[in-house]
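Student: I would like to go through this model with some questions. Please show it to me.

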Amino acid sequence: MNKVSEILSYLTDVAPISWQESYDNCGLLVGDANALVDKVLLTLDVTEKVIDEAIANSFHLVVSHHPLIFKGLKNILVDDTTGRIITKAIKNDIAIAAMHTNIDNSFYGVNRALAEKLGLNDLNILHLNNTETQIGSGMIGEFENEMSELEFLKLIKERLNIPSLRHSCLLGKNIKKVAICGGSGSFLINDAKQCKADAYITADLKYHDFFEADNEILIVDAGHFETEQFTKQLFADIILKKNPKFAVQISEVNTNSVNYFV
C-alpha cells in the first residue's frame, strides 16, 4: 500500500505542479493525500462512467489528464454532472487528481508521447518557457525520411486511429520537419512557422486558424482526444518506473466526447 501523495509524487517528479499554466488546476482535487491505496485508475477525463468503473473495481485513486474541477464551484449538487462525480467519489473514498498543463509542459510529457507514436526524432520543445530548461509548449522533430503530404496525412490517421482529419491547403511539398501540440494548440502556429516546420499537428482549430498557414505550412487538426490519448500510458510508464510493484490500470471507458460519422 502507498499513500496517495506518494503515487502523485512519481508524476510530479517528472512534471512539477509549478509547471502548470496560471489558469490550470493540477494536483489532488478530491480526497485525502494520506489515504493508503494499492492501485490507480488512469484516464484522460473523469466522467461518471469512469467513477463507476473505479467503484466496481475497488480503485481508490483516479488520475486524469484533464482536471475534473477546472472553474470555480459555487455548489456541489447531485443534479449536476460534476457534483454527482464528486459526491460519488467522496462516498466511496476515491481520491481524484489531475496532471494537465504541468505534464503538457514537460519534455518527457504529452507531446513527447505523441511525437514518439508518430515516429519523430531529434525532439525539442517548440516554445520554451524557460531557456535554461526543457520546459515549454509543443514539440518539434523530424522523420527519418521525408514523405508526401498525402502519405503524412495517412500516417496520422493510422497512428492515431482517427477516421478523418481537418487540414489547411496542400502545398505540394514533402514533409520531414513537424511541429506538434497535443490538445488545443492554435497559439503555437506562428512558432511552428518560425521554426520552418513543414507541418503542424494540433487540435481544436477554428475556421480562421487555418488561414494562418499562409501557404507556408500544412496545418492539421487531428482531434483533442486523439492527440492526447497516449497520456494514459505515459502516466502508467512513469508510475511503474518508480514503483514496478504498484498496480496501474488504464480505464476501459472511452471518454472522447467527439463522435465521427463516416
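Student: Is asparagine 161 buried or exposed?

Tutor: This is a predicted model, in which local features need pLDDT of at least 70 and side-chain atom pairs count only at pLDDT 80 or more, while totals for chains, interfaces and linings use all residues. Residues are numbered from 1 along each chain as its sequence is written, and side-chain values use heavy atoms, with hydrogens and water left out. Buried means under 20% relative accessible area, exposed over 50%, and partly exposed in between, with a 1.4 Å probe and protein chains only. Asparagine 161 has a relative accessible area of 67%, so the residue is exposed.

Student: Where does asparagine 161 lie?

Tutor: Helices (H or I, at least four residues) and strands (E, at least two) are DSSP runs, numbered from the N terminus. Asparagine 161 has a positive phi of about 55° although it is not a glycine. Most residues other than glycine have a negative phi. The place of asparagine 161 is the loop between helix 6 and strand 9 (166-167).

Student: Which value does phi of aspartate 214 come near?

Tutor: Aspartate 214 is in the loop between strand 11 and strand 12. With 48% relative accessibility, aspartate 214 counts as partly exposed. Its phi is positive, in a residue other than glycine, and is near 50°.

Student: At what angle do the axes of helix 5 and helix 6 cross?

Tutor: Two packed helices are described by the angle between their axes and the distance between the axes. Axes are lines fitted to C-alpha atoms, for helices over the stretch in contact, and angles run from 0 to 180 degrees between N-to-C directions. Angles under 35 degrees count as roughly parallel, over 145 as roughly antiparallel, 65 to 115 as roughly perpendicular and the rest as oblique, and helix 5 and helix 6 are therefore roughly perpendicular to each other. The axes of helix 5 (residues 110-118) and helix 6 (residues 149-160) come within 10 Å, and the crossing angle is roughly 115°.

Student: Which residues of helix 6 meet helix 5?

Tutor: Contact means heavy atoms within 4.5 Å. From helix 5, Leu114, Lys117 and Leu118 take part; from helix 6, the residues are Leu155, Ile156, Arg159 and Leu160.

Student: How far apart are the axes of helix 1 and helix 9?

Tutor: Helix 1 and helix 9 are roughly perpendicular to each other. Helix 1 (residues 4-14) and helix 9 (residues 231-242) pack at an angle of about 110°, and their axes are 9 Å apart.

Student: How far apart in space are leucine 44 and histidine 66?

Tutor: Leucine 44 lies in the loop between strand 4 (39-43) and helix 2 (48-56), and its relative accessibility is 1%, so it counts as buried. Leaving aside neighbours within four places in sequence, leucine 44 has contacts that include His66, Phe225 and Thr255. Leucine 44 and histidine 66 are 22 residues apart in sequence, and their C-alpha to C-alpha distance is 6.1 Å.
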